[in-house]
Amino acid sequence: MLKVEDLHVKVMDKEILRGITLSIGEGELHVVMGPNGSGKSTLALTIAGHPRYKVSSGRIIFAGRDITKMKPEERARNGIFLSFQHPVEVEGVKVLQFLQRVLKNLRGVDEVEAYEIIFNAVEELGFDSSILSRELNVGFSGGERKKLEMLQAYLVRPKLLILDEPDSGVDVDSLKVIAGVIAKLHSEGTAILLITHYGRILEYLNPQRVHVLKEGKLVASGGVELVKLIEEKGFAAVEENGTAVK
Ligand code: ADP
Ligand code: MG
Ligand code: MG
């Protein structure tokens, strides 16, 4: 589904990613962990096509196509969905309207049909439908913002879902709900790249692989046992452990 090949990325002439190689199979859930500033968000934004992040060498292959130079909107239409670390507030736009627009743009669904899909999804996920009549992210708590993003992802049904720290600034109850949506999408075949700083959300999930990013390089790649190691001994232990990849 996604192949990242020896990816080098610069931001304002500074090399942030220094040769990342990573491959996510169809329907797989991969986790990327790493200390602050290691390049996790850079990796997410580069895969989504953010123009600030310049690929200086390497390639990104998605569903068999080289998307390294593709515009972000085109990547989205092809099935890549990125959930941002800091979503925007938009006054005067209701959540329902926004979601209707998203469904129209990405799936070509008309307003009436979208209305039905949205209400069904809210019910399936056990969300409070009052969220739909609120203004987009205005006055939302961290948990509410993240839940809305998960609802959006659930509606879009991307082929690849990239989540940048969906667990940051979120209380335990919201964390469970968010993890529940991720698990549901995973079980229904969405490939997922989940970036997280803490292992807690992984108590609710079943990742195929865990990667550790440090100073722009993947220093380790393995199973969930890596998460335990990080929680117990910190990121420093991972490199010493010697599970480094190519
Ligand atoms: P992480 O998400 O792992 O905390 P980031 O990808 O946000 O790491 O950042 C990695 C490095 O790239 C940091 O040193 C950061 O300062 C730098 N960086 C990221 N985005 C920008 C930007 N837009 N402008 C300047 N430097 C940036
Ligand atoms: Mg290299
Ligand atoms: Mg980040």
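Guide: Residues are first sorted by type: Ala, Val, Leu, Ile, Met, Phe, Trp, Tyr, Cys and Pro count as nonpolar, Asp, Glu, Lys and Arg as charged, and the others, Gly among them, as polar. By this scheme the shell around ligand 1 holds three nonpolar, seven polar and two charged residues. This is a predicted model, in which local features need pLDDT of at least 70 and side-chain atom pairs count only at pLDDT 80 or more, while totals for chains, interfaces and linings use all residues. Residues are numbered from 1 along each chain as its sequence is written, and chains are lettered from A and ligands numbered from 1 in the order in which they are written.

Visitor: Which residues surround ligand 1?

Guide: A residue is near a molecule if its C-beta atom, placed from the backbone, lies within 6 Å of it. The shell of ligand 1 consists of Val11, Met12, Ile16, Gly34, Asn36, Gly37, Ser38, Gly39, Lys40, Ser41, Thr42 and Arg52. Its largest share, three residues, is supplied by α1. Here helices (H or I, at least four residues) and strands (E, at least two) are DSSP runs, numbered from the N terminus.

Visitor: In what order do the six strands of the open sheet lie?

Guide: Strands of a sheet pair through backbone hydrogen bonds, either parallel or antiparallel. Two strands pair if DSSP finds at least two bridges between them. The six strands follow the order β6-β9-β10-β3-β11-β12, and their pairing is mixed. Because β6 (80-83) and β12 (217-222) each have a single partner strand, these edge strands are left without a neighbour in the sheet on one side. On average, neighbouring strands of this sheet are turned by 15° against each other, direction ignored. Angles run from 0 to 180 degrees between N-to-C directions, with axes fitted to C-alpha atoms, for helices over the stretch in contact.

Visitor: Which helix packs on this sheet?

Guide: Two residues are in contact if their C-beta atoms, placed from the backbone, lie within 7 Å. Helix α1 (residues 40-48) touches β3 (29-33), β6, β9 (160-164), β10 (191-195) and β11, and its direction makes about 150° with that of β9.

Visitor: How is β3 paired, and is it enclosed or open?

Guide: Four bridges join β3 to β10 in the parallel sense, with Val31 facing its bridge partner Leu194 in β10. β3 also pairs in parallel with β11 over four bridges, where Val32 has His211 as its bridge partner. A residue is buried if 20 or more other C-beta atoms lie within 10 Å of its own, exposed if 12 or fewer, and partly exposed in between. Five of the five residues of β3 are buried, so the strand is largely enclosed by the rest of the structure. Leu29, Val31 and Met33 cover one side, and His30 and Val32 the other.

Visitor: How many residues has helix α5, and what packs against its buried residues?

Guide: The expected span of a helix is 1.5 Å times one less than its number of residues. Helix α5 (residues 142-156) has 15 residues and reaches 21 Å from its first C-alpha to its last, close to the 21 Å expected. Twelve of the 15 residues of α5 are buried, so this helix too is largely enclosed by the rest of the structure. Its buried residues pack against β6, α3 (95-107), α4 (111-124), β9 and α6 (172-187). Just after α5, Arg157 takes a positive phi of about 50°.
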